[in-house]
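Please read the following points with the structure open beside you, taking them in order and locating each named residue before moving on.

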Amino acid sequence: MYKGIYEYTNGFEDEEPNEIKTMDVDDHIYNNKRPIMPCKKNGAGDQHSVSCQWWKRYSGAAAGCLGLLCVLLLAGIIGLFLYQRDQLQTSYNTLTKERDQLQTSYNTLTKERDQLQTSYNTLTKERDQLQTSNNTLIKERDQLQTSNKTPTKERDQLQTSYNTLIKERDQLQTSYNTLTKERDQLQTSYNTLIKERDQLQTSNNNLTAERDHLHTSSNNLTDERDQLQTTNNTLIKERDQLQTSYNTLTKERDQLKTSYNTLIKERCPQDWIRSCCSCYYISTNEKTWDLSRKDCQARGANLVIINSREEQALIKAFNKRAWFGLTDKEVEGTWRWVDGTPLTTSYWNKGEPNDFEGEDCALVDNTLKDPVVAWNDVPCNHKNGWICERQLC
Ligand code: MMA
Ligand code: CA
């Protein structure tokens, strides 16, 4: 409902005074009241002129109202366009920010897929919104083109606004296409990264398996090493014990060997006679004094040297006419034992030594009954038995 203020002159002065009134236009148009005469009555015979003036005033008011409506409609459309443009600009800014976020999210593989999907959905919605806006614009343009009542200037302004919006829409479409390309490139990069990630994951799995295998081998080797170490320690202990036993046995062996050698030295050969610290060999045949001495030397001994009365009694008890180790063939009358020592204590028979016809070697005679005295000097080249002596200490 629109209310306007109109100034007019009433044609019937008897019904309504000629004054300024406020009236409802719609009531005026649709209630089919008697039309108010916009023209002044000039005379009694000028009725047709009065009707023509009223119609002109009414048509002008209607045209003014229509124009005002058109202006209001255009203002509304322009406002709607501006509002949608702001929304598109806001969407464009949002898309730019999301593109930056996508670029940032590109570095993070885990979040990148979700963010790309979200951005894609947002772009799709906005593309649909753009498509819807475009369709709306096309419809409005068609409505404007079909409206013949719209003034030319206002239509041109609307056309200009429409063209501006179309350009902005094209720019947004271009931005959308650019963002779509960038999104596709990001998607390609994302797919490449996913493949590389999968390859790395596969390599990582292989390396993990090899690491586990090596870890198992290492554990086995460690166990074997520990077992070997334990065995080695046991063997070292056993070796040390064996070494100790070996050393003990070596000492005992050396002691036994020493004892053996001592016993060997102290033992007299078979068929020899032991007495005190010497072994005595009594010959079974006869040789000269020199050959008898050589025989004793061949047996590791020498002709017996008599150092005590007891030894002389022992030799006498053998009851053997035999050479012993006493001679004066170097210096006649100076008797020496075979070890070079001079004779100090002797057991000569009475009248001996007499060097009868050259007698330089002494023998023990077994013809006298005296238990000790038994020596006589006889020629050295005579053959007699002999007695050897090996001293044990
Ligand atoms: C033998 C001989 C000598 C000894 C005299 C003693 C005749 O020679 O044995 O050596 O001195 O007897 O009468
Ligand atoms: Ca003699």
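1. In this predicted model, the largest nonpolar core holds 35 residues, and those touching the most other members are Ile306, Ile315, Phe324, Leu326 and Trp375. At least two residues of this core come from each of β4 (278–282), α5 (289–298), β6 (322–327), β8, β9 and β10 (385–391). There is also a second, separate core, which has 8 residues, among them Phe81, Leu137, Tyr162 and Ile166.

2. Because Glu359 belongs to the loop between β7 (336–337) and β8 (361–364) while Asn376 belongs to strand β9 (residues 375–378), the pair ties together parts that are 17 residues apart in sequence. Glu359 and Asn376 are both buried.

3. If neighbours within four places in sequence are left aside, Arg169 is in contact with Leu130 and Asn134.

4. The pLDDT of the chain averages 82, and 81% of the residues score at least 70. Over residues 1–50, however, the pLDDT is below 50, although this stretch has 63 contacts in the model beyond near neighbours in sequence. Where pLDDT is low, the predicted coordinates should not be read in detail.

Technical notes:
Residues numbered from 1 in each chain as written. Chains lettered and ligands numbered in written order. Predicted model: local features only at pLDDT ≥ 70, side-chain atom pairs only at ≥ 80, totals over all residues. Heavy atoms only, no water. Helix = DSSP H or I, 4+ residues; strand = E, 2+ residues; numbered from the N terminus. Buried < 20%, exposed > 50% of the residue type's maximum accessible area, 1.4 Å probe, protein only. pLDDT = per-residue confidence, 0-100. Contact = heavy atoms within 4.5 Å. Core = buried A, V, L, I, M, F, W, Y, C linked by side-chain atoms within 4.5 Å.
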